[in-house]
Amino acid sequence: MTAHESLGERLIQQGISRRAFLKFCTAMASMMALPPGSAMAIADALSKTLRPSVIWLSFQECTACTESLTRSYSPTLESLIFEMISLDYHHTLQAAAGFSAEKSREDAMHNAYGKYLLVVDGAIPIKDGGIYSTIAGRTNLDLLQEVAKGAAAIIAVGTCASFGGIPNAKPNPTGAVAVSDIIKDKAIVNISGCPPIPAVITGVLAHYLTFGELPELDDLGRPKSFYGETIHDRCYRRPFYDQGKFAKTFDDEGARNGWCLFELGCKGPTTHNACATTKWNGGTSFPIESGHGCLGCSEPNFWDAGSFYSALSMPAGALKLGTAAAVAGVAVGAAVSVANRAKKQAAQSAHRTATIADLKE
Amino acid sequence: MNEVLLLTWVRSTGLSIATGIFVLGTLWRLIEIYTLGRKPDLSVPRHRAAASGLHTLFRRSLPAPGMFIRASASYLAGYVFHTGLFIVVLLFAPHIMLMQSLTALSWQGLPSQFIDATAVLTLAAMLLVLVDRINNPVKRFLSTFEDYAAWALTFLPLLTGYLASRHLLLSYTTMLALHISSVELLLIFLPFTKLMHAFTLWISRWYNGDINGHKGVPS
């Protein structure tokens, strides 16, 4: 298939029915909280659109973002993503290797300069000139800056690309940062999550292809339609939170009854993502449904935000000053007490008994 | 600093500093107050004082004859907000988790809807006592900056906690960080303001009752 074919032509070639395509468009419209009528607009726009060239750069990452996208069940909405785009460069998925791989990136950049989409997964190390991660002898920093120049928009996939993620966690030895910390003059959409939900990537691309612009974003650059609410807001265990019913351990009666996991450290109340509604593994479940609290992986600095197993209302670290404060408190109290007694004794010593003569004066 | 880092800071370093100052200040004040001592009263007791102290602990929570009518706002709103604070602070599950992590003691909480309703009532009662303090010329005359500061230090944790739990005004993460910050401010200033009555209340009542009983004043 060439990049000059429209998506509609491609789907017809592959034997995908109009009905299946409309179902896909309706699902996209629903996920992005668009009006029901917009499904037809999406279908119309997508069927006519030419597949945009996409360059996917992988930096300091673990490939789980790509795994998330490719290992979903089949047939999937996500599988259609590869029909919507021309994925011209991706380390893990492309057949080409070595110099020819780099050439395919350069060709893609040259052929669609100013129009291609740049997808980035992984953080970018910038300490010591960015030498801690290189591709084909070039630093991630150098590569990102070059490819970003000709991109129409950038999609930062995963928490590492969006916020620095695990490479950025303390002590951050490589100086890892997010895409938005380096690129300031391009539209960037952050699809955070460790890994992110495949349907969110699809949704953002569908929105871009349909409307020619990125969807409405929150203050962290994430699409509001997917990150507008917290996991806690949409959690099926929320009624138990409201009733004050909590699992105390992972295998107690509360856990078996499916009670709220807040006390086991669930970060659902502070985590914005669509896991509770979109779910994972083809709609099977999401972490909380499997009995484990949310880790908060789609939020910045989630790795440094205290133990995964401490409730949000509990201290995020050891309270180190307790003993020293108690000793100091007793010492100050004792010192003030001694000073007060000395003052009292001094006042008693200085006391003169009043006489009749004093009163006459 | 983003909201997650802010929340993490107030849950770790901020809480560490606040609890440190709270422990230091409370021990300091308690030791200072209770080592002041009093001259031994060598007079013959006019009344058996044994139960006077104990009786006064409870008697002082009830209005003096005729006072409830004269200062109904103070008494009614006072009861509501003190009881409300007790319920919200000690019987809300996330708060119990904090106490458990600090003291290893745990107890059963109440449903969050009940806590929500109690918080609203408590907020209303606190606003009422503030309005009463400002409107009543005598109370206004007697009030100092410390009185208003003590009110604000108590009101803010309640307000931010309610806003956080209801997801109002700001994101939950930011509001939770503000809530914990306001609690930390309360912890820091509690030992050095009139809010210290949370600790000294019972002993001072007992002391007053005991002294009065010794002098023959009915408790």
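User: What makes residues of chain B count as being in contact with chain A, and how many of them are there?

Analyst: Two residues are in contact if their C-beta atoms, placed from the backbone, lie within 7 Å, and by that rule 37 residues of chain B are in contact with 38 residues of chain A. This is a predicted model, in which local features need pLDDT of at least 70 and side-chain atom pairs count only at pLDDT 80 or more, while totals for chains, interfaces and linings use all residues. Residues are numbered from 1 along each chain as its sequence is written, and chains are lettered from A and ligands numbered from 1 in the order in which they are written.

User: Which elements give two or more residues to the side of chain B that touches chain A, and which gives the most?

Analyst: They are α1 (3-34), α5 (93-103), α6 (112-135) and α9 (172-189) of chain B, and α1(B) gives the most, with 20 residues. The names follow DSSP runs numbered from the N terminus (helices are H or I, at least four residues; strands are E, at least two).

User: How is the side of chain B that touches chain A divided into nonpolar, polar and charged residues?

Analyst: Ala, Val, Leu, Ile, Met, Phe, Trp, Tyr, Cys and Pro count as nonpolar, Asp, Glu, Lys and Arg as charged, and the others, Gly among them, as polar; on that basis this side of chain B has 20 nonpolar, 15 polar and 2 charged residues.

User: Why is α3(A) called roughly perpendicular to α10(A)?

Analyst: The axes of α3 (residues 38-48) of chain A and α10(A) come within 8 Å and cross at roughly 75°. Axes are lines fitted to C-alpha atoms, for helices over the stretch in contact, with angles running from 0 to 180 degrees between N-to-C directions. Angles under 35 degrees count as roughly parallel, over 145 as roughly antiparallel, 65 to 115 as roughly perpendicular and the rest as oblique, and therefore α3(A) is roughly perpendicular to α10(A).

User: Which residues of α3(A) and α10(A) meet, and of what class are they?

Analyst: A:Ala41, A:Ile42, A:Ala45 and A:Leu46 in α3(A) meet A:Ala206, A:Leu209 and A:Thr210 in α10(A), a contact with 6 nonpolar, 1 polar and no charged residues.

User: How does the radius of gyration of chain A stand against that of a compact globule?

Analyst: Taken over C-alpha atoms, with a globule rule of 2.2 Å times the number of residues to the power 0.38, a compact globule of 361 residues would have a radius near 21 Å, but chain A has 30 Å. The C-alpha atoms of chain A fill a box of roughly 120 × 50 × 45 Å along the principal axes.
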